[in-house]
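Thanks for coming. Please look at the structure first, and then I will go through a few of its features.

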Amino acid sequence: MYRKDQLPEHNKNAHEIDFEIFGEEMQYVEIELDPQEGVIAEAGSFMMMDDGIKMETIFGDGSKNDTGFLGKIFGAGKRLLTGESLFMTAFYNNLTGKRKVSFASPYPGKIVAIDLLEYGGKFICQKDAFLCAAKGVSVGIEFSKKLGRGLFGGEGFIMQKLEGDGMAFVHAGGTLARKVLQAGETLRVDTGCIVGFTQDVNYDIEFVGGIKNTVFGGEGLFFAKLEGPGVVYVQSLPFSRLAGRVLQSVPRGGKSKGEGSILGGLGDLLDGDNRF
């Protein structure tokens, strides 16, 4: 457990928000804001909010690390490198009394609440995993420090880092696994299945090895090697895998692949949906 006084002084600014996560497979997080409290979120994750909450589109993440014109440009540029929008959305409660705002998962899976204070003020996650966070949390980029990750890491090359002393929320696809690694203990994971990990975890890319594995394995040429100590979150269904399966099933040339029946195309003629 890390103490708040162990964090850098400039990060002691996150708002202390209350929250509740609802749902099973398509979850959303409801955040309760006291007067003058705020939360930042990825564009497109907003679900609903109470009357009286002010919504504002901002450059970067709106933390103290990107104040000033140049700071805002740099903060927005960092987000562009991770493939995210230049803008984020901030929600503020400017009235008296408590107000609630909710953010939804982009696809089936789980929302993970990350208390940055418990992890020494920093958590590293996949570039598309971040959902929302308390105002004051900094959302930046974590570059690979090893050549292997940069050349072969794929989805894991440029990751996001969440810094501060507040709550942050990330999304995992499918079923979530939380692994606590002891010092020297290793875990090998598909690069796309990593949700995030604590800052003490050593992360690198390894070659699968073996000619049969390389040519016929179907699992990619590389996997991620995570070495403890630290906590690792793993998802069973990364969005890239889900999207790939959907694209494979899209009819080409006007012909369906017929996955819905053991009879294939004949089954399509017999089912109840034959619209032209």
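There are 5 salt bridges in this predicted model, a salt bridge being a side-chain nitrogen of Lys or Arg within 4 Å of a carboxyl oxygen of Asp or Glu. One of them joins K110 to E24, with the closest N and O atoms 3.9 Å apart. K110 sits in strand β8 and E24 in the loop between β1 and β2, 86 residues apart. Strands here are DSSP runs of E, at least two residues, numbered from the N terminus. E24 is exposed, at a relative accessible area of 57%; exposed means over 50%, buried under 20%, and partly exposed in between, with a 1.4 Å probe and protein chains only.

A second pair is K98 and E32, again with the closest N and O atoms 3.9 Å apart. K98 is partly exposed, at 46%. Shared partners join E32, D34 and K98 into one network.

Next, E142 and K122: their side chains meet at 3.2 Å, N to O. E142 lies in strand β11 and K122 in strand β9. Is K122 buried or exposed? K122 is buried, with a relative accessible area of 16%, and E142 is buried at 14%.

Both strands belong to an open, antiparallel sheet of 6 strands, ordered β11-β12-β9-β16-β19-β14; strands pair if DSSP finds at least two bridges between them. β11 and β14 stand at the edges with a single partner each, so one side of each has no neighbour in the sheet.

Two notes on reading this. Residues are numbered from 1 along each chain as its sequence is written, and side-chain values use heavy atoms, without hydrogens and water. Local features need pLDDT of at least 70, and side-chain atom pairs count only at 80 or more, while totals for chains, interfaces and linings use all residues; pLDDT is the predictor's confidence in each residue, from 0 to 100.

Notes
Helix = DSSP H or I, 4+ residues; strand = E, 2+ residues; numbered from the N terminus.
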